[in-house]
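Visitor: I would like to learn how to read the features of a fold, one at a time. Could you take me through an example, giving the general idea before each case?

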Amino acid sequence: MFERINLPDNVLPPVSPYCHAVRAGDFLFVTGQLAQNPETGQVDRGSIEDQTHRVMQNLKLVLDQAGSSFDRVVMARVFLTDFRHLPTVNEIYASYFPSGNFPGRTAIGVTALAGFGDVEIDLIAYCGA
């Protein structure tokens, strides 16, 4: 199975040419999400706490649309413009995996992100039986 997944009703309008996720066989590849306001499409530049919660909520919107959830995530990549924020991002990120079953993960320091946000996270989820 191969399927491109987009959120309906222009929720989280793409800031570049991409779809929100691609299901390829038993895997779901979720495009990196920023702290984008789902209604306006603008990247919120608030505190790192607010940005991280918004990123995780946006990822949940995409996972829900694809019929998946955080407990199916097998890999995550976290992109940060300032590694001093990593402990805060880690705490918030972990709260979205209440079972404590964390996926594999990579954290990457970058110079800048689209929309000039401070954190972006993408995911790979397993959708098989």
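This is a predicted model: local features need pLDDT of at least 70, side-chain atom pairs count only at pLDDT 80 or more; totals for chains, interfaces and linings use all residues.

Visitor: How many strands does the open sheet have, and in what order do they lie?

Guide: Helices (H or I, at least four residues) and strands (E, at least two) are DSSP runs, numbered from the N terminus, and two strands pair if DSSP finds at least two bridges between them. Here the open sheet has six strands, in the order β1-β2-β3-β6-β4-β5, and the pairing is mixed. The edge strands, each pairing on one side only, are β1 (2-5) and β5. From one strand to the next the twist averages 10 degrees, where axes are lines fitted to C-alpha atoms, for helices over the stretch in contact, and angles run from 0 to 180 degrees between N-to-C directions.

Visitor: Which strand pairs are antiparallel, and which residues stand opposite each other?

Guide: In a regular strand the side chains alternate between the two faces of the sheet. In this model β2 and β3 pair in the antiparallel sense over four bridges, with V22 opposite F29 of β3. Strand β3 is also joined to β6 by five bridges, again antiparallel, and there F29 stands opposite I124. The hairpin of β2 and β3 has two residues between its strands, and in it G25 takes a positive phi near 65 degrees.

Visitor: In which sense do β4 and β5 run, and what handedness has the β-α-β unit that they make with α2?

Guide: A crossover is right-handed if, with the strands pointing away from the viewer, the path from the first strand over the helix to the second runs clockwise. Strands β4 (residues 73-80) and β5 (residues 104-109) run parallel and are joined by six bridges; among the partners, V78 is bridged to A107 and L80 stands opposite G109. Together with helix α2 (residues 86-95), these strands make a right-handed β-α-β unit.

Visitor: Where does helix α1 lie, and which of its residues are buried?

Guide: An α-helix has 3.6 residues a turn, so residues three or four places apart point the same way. Helix α1 (residues 48-65) lies across β1, β2, β3, β4 and β6 (119-126), running at about 30 degrees to β6. Its 18 residues should span 26 Å at 1.5 Å a residue, and the end C-alpha atoms, 26 Å apart, agree with that; the expected span is 1.5 Å times one less than the number of residues. Buried means under 20% relative accessible area, exposed over 50%, and partly exposed in between (1.4 Å probe, protein chains only). Among the buried residues of α1 are I48, V55, L59 and V62, and the buried residues of this helix pack against β2, β3, β4, α2 and β6. Just after α1, G67 takes a positive phi of about 75 degrees.

Visitor: How many salt bridges are there?

Guide: Side chains of opposite charge can pair when their charged atoms come close. A salt bridge is a side-chain nitrogen of Lys or Arg within 4 Å of a carboxyl oxygen of Asp or Glu, and by this rule the count is five. One of them joins R45 to D118, with the closest N and O atoms 3.8 Å apart; R45 is in the loop between β3 and α1 and D118 in the loop between β5 and β6, 73 residues apart. D118 is buried, at 17% relative accessible area. Another joins D64 to K60 at 2.8 Å, and these residues, four apart in α1, are separated by about one helical turn. D64 is partly exposed at 43%, as is K60 at 40%.

Visitor: What does D26 touch?

Guide: Contact means heavy atoms within 4.5 Å. D26, in the loop between β2 (21-24) and β3 (27-33), touches A125, Y126, C127 and G128, not counting residues up to four places away in sequence. D26 and G128 are 102 residues apart in sequence but 4.8 Å apart in space, C-alpha to C-alpha.

Technical notes
Residues are numbered from 1 along each chain as its sequence is written. Side-chain values use heavy atoms; hydrogens and water are left out.
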